[in-house]
Amino acid sequence: MGFRGILRARSGLLALIAALASAPAAAHQGTEGSAADGEPGGDTSQEPIIVTGSYLNPHAVDRSSPIHVLDSGELKSSGVSTVADIARNMTVNTGSQFNTDERTQGGTTGTSNFNLRGLGVGSTLVLVDGRRRPNSLPNTNDGVTFVDTNLLLPMNMVERVEVLKDGAASLYGSDAVAGVVNFISKRKFKGLEVEANYRAAGNSSATRDVEFGGVYGYQGGRFGIVIGANYLDRSLMTADEVDFGMGSSFTSLGGPGAFQPAFKPFTGPGVPLPDRPTVVVGPPTADPGCVANGGVVTRGTGTATFCGFSLDPYLTLVADEQRFQAATNMHYELSDNARMTLDISYARNKSYRAAAPSYPLVSLPFVPASNPGFQPGSVPGSVAGAVNALNLPPSFTRGAIFYGRAFPTAGEAKKDRFEHTSLSVVAGLAGTIGGGWDYDLGLGYTRLETRTVLEDLLEDRFLAALEGKGGPNNNQYFNPFASGIGASPGSPFYNDPAVIADFSSSLRTNSSANFLVLDAVVTGKPFALGGRDVGLAVGLQWRDDSRRMNFNQEALDKRLMFLYGRQNGRFHRDVVAAFGELSWPLTERLEVQTAIRLEDHGGGVGRSVDPKVAALWRASDAITFRGSYSTAFRAPQYAQNGASSLLVTQERVTDAANPTGQASFVPVVRRGNPGLRPETSDSINVGATFRPIPGLFLTVDHWRFDIKNLIAGQTAQDLADSGNPDNVLRSPIGSIERLEGTFFNVSSLKTNGIDVELSYRADIGDAGKIRFNLAATKILDYKFREAAGQPLIDRVGRRNFGTIASPTPDLRANLTVQWTLEGHSLTTNFRYVDSYINDELLVRIPPRPVETIRSWTTMDVQYAVDLDEAFGSTFGTGTQFSIGALNIFDRDPPRASTENGLPYDSRVHDPRGRVLYARIVQSF
């Protein structure tokens, strides 16, 4: 029957599940946990421990792979309120996309993700209670999907977060290239806890978070349930609301715009000559009403002038969001050692970002002289004079090329709207077969939905309106000149709202995904080696991922002026896998772990065999050494290799034919390449743990990743420079209207570095307790090959603009100092991000001097008090209160000159400045 056929024998697997369910059982995780600090009703004595990175030896304190654990107490004391905050603060994470950036992260607004080691947002596998969650529906501009962490558990349901910092494909499968982030939920919580949280950015009165949540737990006899929910209301922040953002973004294409004398040749009435382009005469000139309508006259090349304006009020730094998350965990003990679980979670995130009243007119439309706005005083004198002076036969139409936007600069901002939802149901059955063999079965289903609305214009109807064929009856003009702004009904310059409605439209997305995953794992100790039991885990996994991308008809017809269009798509991937893990205790102090996984993606993607070998040597009670080697595999994403996929982005390119003399945004269309090969990687980690004195804990790890066959789309600038008419589509006057390309396996990446974690806890008698924790990551190399045949270039300490590589400040460090005494605690976090080079300036034409994005040091402070513990039970009412400040000294993010208009690097720094917050938790 073959490998895939065996795993698809679902009837036999269901029979196995039934047989196992009838056997006496005990949860294979089976270790006893302890209550988290400050946990009301903190009896978690029966909670099974899930350890990331191994299905064996959950009791072990030391691990052969590097793991970092953040418990709920640490998360609360650090001021974290969202998963994006966790990713932002982790030193091993760089290049995540959790800040809004319309220009370079156009489709990911309202989402967040991890990017361990800067290997890509799709190279970190995210789990919930050890179970896989599906990748998002939205793509990055590189066509990569990721687990959207905004759609996971509410934070009040998170017991701890475990971060496995080396490759783990041998156990968890594809996408675990850089590591794994596993969210462990609360399962034995008792009582009721409600909380409220308020945050306000200190340098923007319009930016605030209001958050409400609660968690309830009941544990009685054989049954237990924990329910949690949280609601977040976050307000918008734009660049004009912060000091460092003022004057950061400017465009030469405004409304009203600029006009250039031109004539269009015709063979007859309304019939253009296809082989003769529109001819321009003289330079563009700004509309005479530019300044009066909020614009600024700017100069282009030569004597050209344009009507520009500041984009600051329309440039979103923090999106407006309303996020609701809810989850419940239920368990039922079938017998003294048999357990069934049912986990259900739901999340919905609605967000919008502000944008300019309309997009720039990429096609540079032609306005005929018959347009009512083409009157003395409305048209720049030089344009009108040049048009009237043309001595042309009747077969030519006089007019002007329009550089600008359809709607006034001072108009109301448009809103790009995004809605992402997730519903997940996971059923589990765990127990003992007999003879010391345990099993764990899981069946999970997740439904994802995404709806977006991006406002744009219909190109054909807008061009028709310029020529007097607009409106519902195809007989009205649209006046693009300043004379049309504010004109009253009855005026020859008046723009009828019906005409505007006729050419106004949007790109609407309605996409969905259904993800089904079935896991079966059996663990036991089949034999002994030298009197020491050898651990064995074997498992099967089947997952089915089907997706549907649907768009409105205007987008399918590719009628949109700036956003171009899309293509409906249906994608399906059926993955089957078998894996095994062995734990070999060679001596009392030396243990070896081996694992291997066979994963078959089918559908032309292929299969992969990924082994892992790791060793742990306890040299003494105080010193432990570890090392690991593994390979990993990441399949091409749907947008990259789907035969029907069409990824459209808007990217800035420099074009010699652009008369503004500036780079401009154009639609870039990349079609899927079914011939793509999977990305592969090798990773090595060598580390040590030291415990020289009680309370002092030091770990040092040296890690290395070597990734081949990286998938990248042809860059927009390379397409523009190619001169190939198949890649570059130009307007009648020669400007770029659209670029078209595809994806290739062209890149490779080698990176290595050092992680250091130092913690010290001490009891200082009557003065309380103190805790120090230092975490630092130093990237030694980040060698990136952009295309086959090119050399590996070390890009550590660079922003890596224009590539699929991530920004890589070479040093990140966090220092935490916490003091606690009888219910009071004071926590201080110092965070450091090293300086790095803004290499975007090096690829501009002409190149500009190198800019250094300076280092950034911030300080967070929090004071918290548990009233019961601090003042005695007679005073307390189960109340905990905390106040704090993130970035208490209001350090602006380091300035970066970017063509996308943002005044900082959105993938590294936080634009919010000082954030003051207060949080109250009431327990019952």
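Reply: Accessible areas here come from the Shrake-Rupley method with a 1.4 Å probe, and for residues only the protein chains shown count as cover. On that basis the protein exposes about 34,700 Å², of which carbon and sulfur atoms supply 58%. The model is predicted, so local features need pLDDT of at least 70 and side-chain atom pairs count only at pLDDT 80 or more, while totals for chains, interfaces and linings use all residues. Residues are numbered from 1 along each chain as its sequence is written, and side-chain values use heavy atoms, with hydrogens and water left out.

Of the 924 residues, 59% are buried, meaning under 20% relative accessible area (1.4 Å probe, protein chains only). The protein has twelve helices and 44 strands; these are DSSP runs numbered from the N terminus, with helices being H or I of at least four residues and strands E of at least two. Counting contacts (heavy atoms within 4.5 Å) with a separation of 6 or more, 72% are between residues 24 or more positions apart.

The part to look at is helix 7, residues 459-466. Its buried residues are Arg461, Phe462, Ala464, Ala465 and Leu466. Just after helix 7, Gly468 takes a positive phi of about 85°.

Methods
Buried means under 20% relative accessible area, exposed over 50%, partly exposed in between (1.4 Å probe, protein chains only).
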